[in-house]
Amino acid sequence: MQKGGFNFDLYQRNVELIEKNNYKVPKTTKTGTTIVGVVFSDGVVLGADTRATSGPIVADPNCEKIHKISDYIWCAGAGTAADTENTTGMISLQLELLSLSTGRSPRVRTALTLLKNFLFRYHGYISAALVLGGVDFTGPHLHMIHPHGSTSTLPYISMGSGSLAAMAVLETGYNSKMGEEDAKSLVHQAILSGILNDLGSGGNVDLCVIKHKSMEFFRNVDTTNSKRKFRKKLPYMFKSGSTKILEKEIEEKMRKMEIVNEKESQIEELEEL
Amino acid sequence: MAGKNCVAIAGDTRFGVRNQTVALDSNRIFKINNRTLFGMTGLNTDILTLRESFKFQMNLYNLEEEREISPKTFAHNVAQTLYSKRFGPYFITPIIAGLEGEDYTPFLCATDLIGAMEFPKSFVVAGTGEESLMGVCETFYKENMEPDELFEVVSQCLLAAVDRDALSGWGSVVHVLTKDGITTKRLRTRKD
């Protein structure tokens with residue numbers, strides 16, 4: 001069976017296909033994204049948009065970009081969608097095993113070190129830019145992690161293609177004595193700014209508020225951008241039989257056979273002998 | 001595309017090498033079990049390799065777990081297989097359609113070539129004509145379609161998109177999966 005880690009079996013073939021045969025490689029799904037994190041008096045608020053793009057096409061208009069690392073440590077991810085999903089999944093797994101073996105609830109700093117070491121090993125080839133936030137027994141923490149493995153610890157962070165738009169809002173509105181409602185509203189405005197001004201971000205706003213031993217996830221808080229105003233009211237109706245068919249095959253689900261009177265027949269056979 | 005307690009998967013049957021058509025009957029949609037259908041587009045050799053690989057894994061799963069795999073679990077299996085080849089991927093775009101759980105809730109999943117999953121409630125598209133397909137599905141899709149109507153909508157969407165894509169066509173097949181079984185219909189498309 002396959003051992004752990006990445007499998008490079010097809011790498012040689014792929015290089016030849018692309019260079020010699022000019023093969024058109026399918027696009028990876030990226031999360032163009034605006035992700036934001038803010039520390040307030042009691043905890044951390046994380047926010048993200050919900051658009052995943054594949055080139056210029058929107059692959060998923062409502063994806064989830066805020067991933068769970070542990071109960072009170074969450075991580076928003078920008079970059080290649082598969083990378084952010086699998087990286088946060090892997091570190092979440094390692095952190096769970098670590099917390100079970102040490103018998104202590106996990107710290108945000110541990111998740112940070114695990115993530116930065118993992119990403120640095122791949123020198124930026126794993127394209128995952130993360131905003132890691134959480135509350136452990138030492139208090140609220142917020143960190144940003146770049147794909148090459150460098151990290152920063154800051155009171156407010158924005159990453160992704162919409163980070164400039166979001167940072168403008170954060171710089172204007174942030175103050176160190178904010179309460180929960182102010183912080184939520186600030187993050188909401190920052191994500192909205194990213195959605196409106198950046199082409200790579202769009203969809204709905206997701207918020208995650210983490211306090212000491214409490215976590216609230218607000219999925220699709222703001223859906224004003226997603227409702228199609230000018231959708232045709234009467235849906236198009238196709239009459240049954242409008243498509244011409246060449247052949248038709250019906251495979252019915254095999255029903256489970258019921259075995260009845262098995263024992264009785266066996267006894268009869270024995271008696272005959 | 002998903003309907004009310006039913007899903008449909010449709011695909012064309014042309015196999016070509018850039019502009020040259022090699023075969024007219026290549027099937028790229030496979031039945032995993034009574035609840036799950038799995039379709040792939042992209043490099044044909046990878047489609048065939050992965051078909052055999054998943055057949056092997058599913059046989060092993062059935063023997064070990066003594067039950068059929070659910071569509072959601074299968075989708076995660078596909079994503080993991082694709083991500084293990086993150087640097088040197090399979091050049092395919094898979095689609096998984098199935099009916100989940102006791103109440104046969106429709107389940108759809110599409111991933112990119114390295115396994116980033118998305119779970120839309122309405123429809124998923126893949127292939128050389130995917131941009132046209134997205135447009136036409138977005139227009140004709142409506143919620144809670146019965147199997148007959150779902151078949152009509154899926155067929156019309158595929159035919160429309162295939163007409164606008166030079167690399168697709170030469171026959172198409174539509175599978176509609178309901179709790180009673182799978183209905184497979186072959187449609188006539190343009191032969192150019």
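Mentor: Two strands pair if DSSP finds at least two bridges between them; strands (E, at least two residues) and helices (H or I, at least four) are DSSP runs numbered from the N terminus. This model is predicted: local features need pLDDT of at least 70, side-chain atom pairs 80 or more, while totals for chains, interfaces and linings use all residues. Residues count from 1 along each chain as written, chains are lettered from A and ligands numbered from 1 in written order, and side-chain values use heavy atoms, without hydrogens or water.

Trainee: In β8(A), which residue is the bridge partner of Gly77(A)?

Mentor: Strand β7(A) is joined to strand β8 (residues 128-136) of chain A by seven bridges, and the two run antiparallel. Within β8(A), Gly77(A) has as its bridge partner Leu130(A).

Trainee: Is Leu97(A) buried or exposed?

Mentor: Leu97(A) belongs to helix α2 (residues 81-102) of chain A. Buried means under 20% relative accessible area, exposed over 50%, and partly exposed in between (1.4 Å probe, protein chains only). Because its relative accessibility is 53%, Leu97(A) counts as exposed.

Trainee: Which are the edge strands of the open sheet in chain B?

Mentor: The sheet has five strands in the order β4-β5-β6-β7-β8 (chain B), with antiparallel pairing. Two of these strands each pair on one side only, namely β4 (29-33) and β8 (117-118) of chain B.
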